[in-house]
Amino acid sequence: MRARFALSLVVTALALGAVTAAATAADRPDPAADAKAFRDFFVKKFPKVKFEDFVNGPYSMNEDMRRQWEDKEQFPPYEFALEAGKEMFGTPFKNGKSYADCFANGGIGVRQTYPYFDEQEGKVVTLELALNKCRETNGEAPYSYVKDEMASLTAYMAYTSRGKPFDIKIPNDPRALEAYEKGKEYFYTRRGQLNFSCASCHVQNPGERIRAEILAPAIGILNAMPIYRSEWSGMGTISRRFTTCNSQIRGVPLEPQSDEYRDLEYYLSYVSNGLPISGPGARP
Amino acid sequence: MTTTMNKRPNTAMKKIMFAAIMMAAGAMPARAASEADFKAAFAAADSAEKEAGRLRNQWTTTEAALAAAKKAAETANFDQAVMSAREAEALAKASIFQATSEKERWKDMEIR
């Protein structure tokens, strides 16, 4: 009798242990599984859209818009920014150094590796941030993160990476995983008086209209950045995209390149791994 | 692959917004408001908005209501100033509620 009681105790303990282990495994962050689920969700939702075409945002969702965009691409509205960016990139700083000295491979064809997690700083480093750090290290004043020079420089760097798949890494560092998780939380968290999250538009409603716009899918949404937006009558960076999204839902935007936005960019870029860089882009 | 998209109306948020607006409307003083009334109402709103700021979740409409309260007070229109300040406080409290409840609720929307 005592033996049977002891055996049942052991069985119960083992069962409890197994349940706890399963729960822990389910709660443990798994970016690779997230990325697969993210990709599967959009592929299933839009079975007629070729996977690589998601980087074209609303144009992958609407035939009429696509035709207009293809016509516009004959003389793309971002061309002036691209030319300006190329010239700026090649112009040395006052100290004789240049942007090329700050980046791997002289900054050519590296866009797809940004953002990355800097284990020294313990934070996510975006391309915009890296460009301004490069300027400051070389005695130059930083640029605004949202448009103008920053948009031109990132346009040129994106152009040199066109066709290269996003290759965002999460190093074996708990801080990197935490940054990724925080980015995910930001993406799904409702905010602003309209009570919208990023996912409300770009997961629940891609392809649907919000006023005159067609919402882009979240997957591949950063691959075309920076973009010329007709609504802005000019170029805008990822920072501009994030801050205006927040304003549109009546939330006070955070400061560009705040930790939250850096983590969000890290998450969104990671789940788009494998999709080609298509920037600079043009959007209505 | 499943996703647990939260499609139900956000009733909790609606209730708190409604209650907050009714509170702001119902709390209008019968007598004309004084500068002291404005200062008290503004301090309460400002404090709630600072808390929303700590939660990184301020709303543009709260900021606009605070600015409107200040502007009305500058022209000694304290009835309007108090009303705008109370509206700001209600909005700030709703944004605090949103930020607090979303600490866990965001997971309902996650693609899994």
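Leaving aside its neighbours within four places in sequence, which residues is Ala155(A) in contact with?

Analyst: This is a predicted model. Beyond four places in sequence, Ala155(A) is in contact with Tyr78(A), Ala81(A), Leu82(A) and Gly85(A), and also with Pro226(A), Met235(A), Gly279(A) and Pro280(A). Ala155(A) belongs to the largest nonpolar core, which has 67 residues. Within that core, Ala155(A) is among the residues with the most contacts, together with Phe187(A), Tyr267(A) and Leu268(A). Helix H6 of chain A, residues 148–159, supplies the largest share of this core, 7 residues. A second core of 24 residues is separate, and includes Ala45(B), Ala73(B), Val82(B) and Ala94(B).

H2(B) spans residues 35–54 and H3(B) residues 60–74; their axes lie 11 Å apart, at an angle of about 155 degrees. Angles over 145 degrees count as roughly antiparallel, so H2(B) and H3(B) are roughly antiparallel to each other. Their crossing is left-handed.

As for the two chains together, 23 residues of chain A are in contact with 19 residues of chain B. On the chain A side, helix H2 (31–45) and helix H7 (174–188) are the elements that give two or more residues, and H2(A) gives the largest share, 5 residues. That side divides into 8 nonpolar, 8 polar and 7 charged residues.

Terms used
Residues numbered from 1 in each chain as written. Chains lettered and ligands numbered in written order. Predicted model: local features only at pLDDT ≥ 70, side-chain atom pairs only at ≥ 80, totals over all residues. Core = buried A, V, L, I, M, F, W, Y, C linked by C-beta atoms within 7 Å. Buried ≥ 20, exposed ≤ 12 C-beta atoms within 10 Å, placed from the backbone. Helix = DSSP H or I, 4+ residues; strand = E, 2+ residues; numbered from the N terminus. Contact = placed C-beta atoms within 7 Å. Nonpolar A, V, L, I, M, F, W, Y, C, P; charged D, E, K, R; others polar. Axes fitted to C-alpha atoms, helices over the stretch in contact; angles between N-to-C directions. Parallel < 35°, antiparallel > 145°, perpendicular 65-115°, else oblique. Left-handed = near helix turned anticlockwise from the far one by under 90°.
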